[in-house]
Amino acid sequence: MSEKTKISAGQIGVFVALMCMYFIGPMHSAVNVASQDLMNVYGVDASAVSYMVSITNLLEIPAALVIGLVAGRKLSYRVCALLATALVVVGGLPTILGSALPWWGIMATRCILGLGLGCFMPIVMGVISLMFQKESVRATMMSIASVCFNVGMILLTSLAGILGAISWNLAWGIYLIALVPFAMCIFLLNPKNVPAVPQENEKGEKVKIQLPVSGWALLVLFLGTIIMSQSLFNLGGVSIGAVAGNPAVIGTVFSLFSVGAIAAAVLFGPAYKFLSAYTIPVFWIVGLIGYALWFVAHATGNVVLFYVAIILAGFGTNTMTVGVPMLLSTFVAPAIVGAVMGFSYVFQNGGGFLASPIDQVVLSIFGADAILSSVWIFNVVLGIILLLGLFWVAKKANAMKKEEAAE
């Protein structure tokens, strides 16, 4: 692709198809809205319903890793995209079958759904990296993808709630939206619109799946920021409740996380043109301020500060969600971008799983007082350490870019 980044109508269609995929990407837990009805219809308890939701999230991890290793190398991105979207459509079968589908069938479709959703990130980011070789343009396109992701989370959760109010099984209808990108990928995701994945480097050697030390460091830092974010969601409600004691306030505060996330996605692309890799640590400072304000809100009982804090925390967290894939894509050859996106997804979800036990260890060591201050102090200290690491990675990334330009 030229430096002017001119794209054809077909390539625009491919990008729209990718955005449709990302729009439904965060929807593994949207059917929570039908939890009570599921318990009544199938005679299961709350733990079974919780497992139904979490099994999808769990299976996204190996799916992302496997598809990342084969996409563009063993299988074409077109085949991978069709497979992923087809699996998500299967996950929407309860919409059609309803209670005719036994409980084990519900669980089976949730597993299949997880396998499909887990493929989305490596596919979307891998194809974007192939289509948009210019870094600043690629950063903008990845930012647009993040906006679609977060808007989809808001709109489709609401849609699932509306459909679920009509009938519990209709909530699963949101997964049938995957038919749209499935159809588009059949006709558009072809060699004419998407460059072939180069299997060899400039020296004529086969590209190996490997990351530089700075890339692995970035993944570890990413895991740390996700631990902080998940900690906010795990214990934030308790901490707000200790001050406000109003469920409506708690719900409103958490809804603003997406506002900050969307703002980060919108601003990341333009900022990357000027700050390059340093966009990530600079934007993360905003998120770190949010976590610090959260602690201040606890200590002072200032409810308004919770609103400000979570917007800033959402900004910082989504900076990592956008920025890490973007920076990783500059560390490796296009042939293995899909693979490193799979690694990124594993570290992202790993942070979500590790947050709870880490919080419990912190509370057991420092004590669980009324405002859980030890957790927030820990998060702020962790955030400062992560910030230093992010500046180091950004410095290394810029140095690598200068070396490549000099060759």
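**A walk through the helices of a predicted model**

Ser-276 counts as buried at 14% relative accessibility, where buried means under 20% relative accessible area, exposed over 50% and partly exposed in between, with a 1.4 Å probe and protein chains only. The model is predicted, and local features need pLDDT of at least 70, side-chain atom pairs count only at pLDDT 80 or more, and totals for chains, interfaces and linings use all residues. Residues are numbered from 1 along each chain as its sequence is written, and side-chain values use heavy atoms, with hydrogens and water left out.

Ser-276 lies in the loop between α11 and α12; helices here are DSSP runs of H or I with at least four residues, numbered from the N terminus. The phi of Ser-276 is near 55°, a positive value in a residue other than glycine. Most residues other than glycine have a negative phi.

Helix α10 (residues 247–255) has Val-249, Ile-250, Val-253 and Phe-254 as its buried residues. Because they cover an arc of only 130° around the axis, they are on the same side of α10, the arc being that of the directions from the helix axis to the C-beta atoms. Pro-247 and Ala-248, on the other side of α10, are exposed. The cover over the buried residues of α10 includes α9 (213–243), α11 (257–275), α12 (279–300) and α13 (303–331).

Helix α13 is also the place of Thr-330, which is buried with a relative accessible area of 18%. Thr-330 touches Glu-135, Arg-138 and Tyr-272, not counting residues up to four places away in sequence; contact means heavy atoms within 4.5 Å.

Arg-138 is also among the residues that Ile-128 touches, together with Phe-15, Leu-18, Met-19, Met-141, Met-142 and Ala-145, again not counting residues up to four places away in sequence. In the largest nonpolar core, which has 126 residues, Met-52, Ile-123 and Ile-128 touch the most other members; such a core is a set of buried Ala, Val, Leu, Ile, Met, Phe, Trp, Tyr and Cys residues joined through side-chain atoms within 4.5 Å. Helix α6 (residues 103–131) supplies the largest share of this core, 15 residues.

The axes of α6 and helix α14 (residues 337–366) come within 8 Å and cross at roughly 140°. The two helices are therefore oblique to each other, since angles under 35 degrees count as roughly parallel, over 145 as roughly antiparallel, 65 to 115 as roughly perpendicular and the rest as oblique. Residues of α6 that meet α14 include Met-121, Pro-122 and Met-125, and those they meet in α14 include Val-337, Gly-338 and Met-341.

Terms used: Axes are lines fitted to C-alpha atoms, for helices over the stretch in contact, and angles run from 0 to 180 degrees between N-to-C directions.
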